[in-house]
Amino acid sequence: LSLTLGAFLLDQAGWSGDRSYLAVPTDAPAAECASTGRQLAEGVERTALLVLGDGSAKRSTAAPGYVDDRAAGFDRTVAEALGAGDGEALLSLDGVLADQLWASGRVPWQVLAGAAVRAQQQGAFVTARLRYDEAPLGVGYLVADWVFYR
C-alpha cells in the first residue's frame, strides 16, 4: 500500500524522473535498514527518497490499538529526530517498542537515516524540516523533508 501511495504522491507532484520502489520487511533490524539506506546513497550525486511510514497507532481510545502511555513519547522522539535531521536518533529507535506501539514507520525512517548518515560521510549536509506532527484518531502522522546537499 505504501508503494502505491508513494507513486500517487509522485504523480500528484508531477515527478517525471526515474523511479524505483523498495519495500523493506517490517521486522528488519536497524542495522539492515541502515545498510539499505547507505546503499541507496552510496556514490550517488543526486537522489530523492520518498519515505512512508506511520507513527504509533496507540495514542488515544479511538486509535486502532487503543491507548498505550508510551506512544506519545515515542512519536515525540521521532518528531524531534525528523525535525533535526538526526539520523543517529532514528537508528536508535527501539524496534520492539515500535512493534508494540504499531509504529510502522520505524523501518523506513531507519532506511532514511542510513542514507543520511552515508551522505554526511560523503560530505553532504542535511537540512530538515518537520511539517506535520498530529495524531488524528490516535494514529501518529509525521511529515518531514530532508535535503542532502554538498
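This is a predicted model: local features need pLDDT of at least 70, side-chain atom pairs count only at pLDDT 80 or more; totals for chains, interfaces and linings use all residues.
Residues count from 1 along each chain as its sequence is written, and side-chain values use heavy atoms, leaving out hydrogens and water. Local features need pLDDT of at least 70 and side-chain atom pairs pLDDT 80 or more, while totals for chains, interfaces and linings use all residues.

**Exercise 1.** Work out whether the length of helix H3 (residues 71-84) fits its 14 residues.

*Solution.* Helices are DSSP runs of H or I with at least four residues, and strands are runs of E with at least two, numbered from the N terminus. The expected span is 1.5 Å times one less than the number of residues. For H3 that gives 20 Å, and the end C-alpha atoms are 20 Å apart, so the two agree.

**Exercise 2.** Find which residues of H3 are buried and how they are arranged.

*Solution.* Buried means under 20% relative accessible area, exposed over 50%, and partly exposed in between (1.4 Å probe, protein chains only). Ala71, Phe74, Asp75, Val78, Ala79, Ala81 and Leu82 are buried. Down the axis of H3, these fall within an arc of 165 degrees, so they line one face. The arc uses directions from the helix axis to the C-beta atoms. On the other side, Glu80 and Ala84 are exposed.

**Exercise 3.** Describe how strands S1 (residues 125-134) and S2 (residues 141-149) are joined.

*Solution.* Strands pair if DSSP finds at least two bridges between them. S1 and S2 pair in the antiparallel sense over nine bridges. Glu134 sits opposite Tyr141 in S2. Six residues lie between the strands of this hairpin, and Leu137 in the turn has a positive phi of about 55 degrees.
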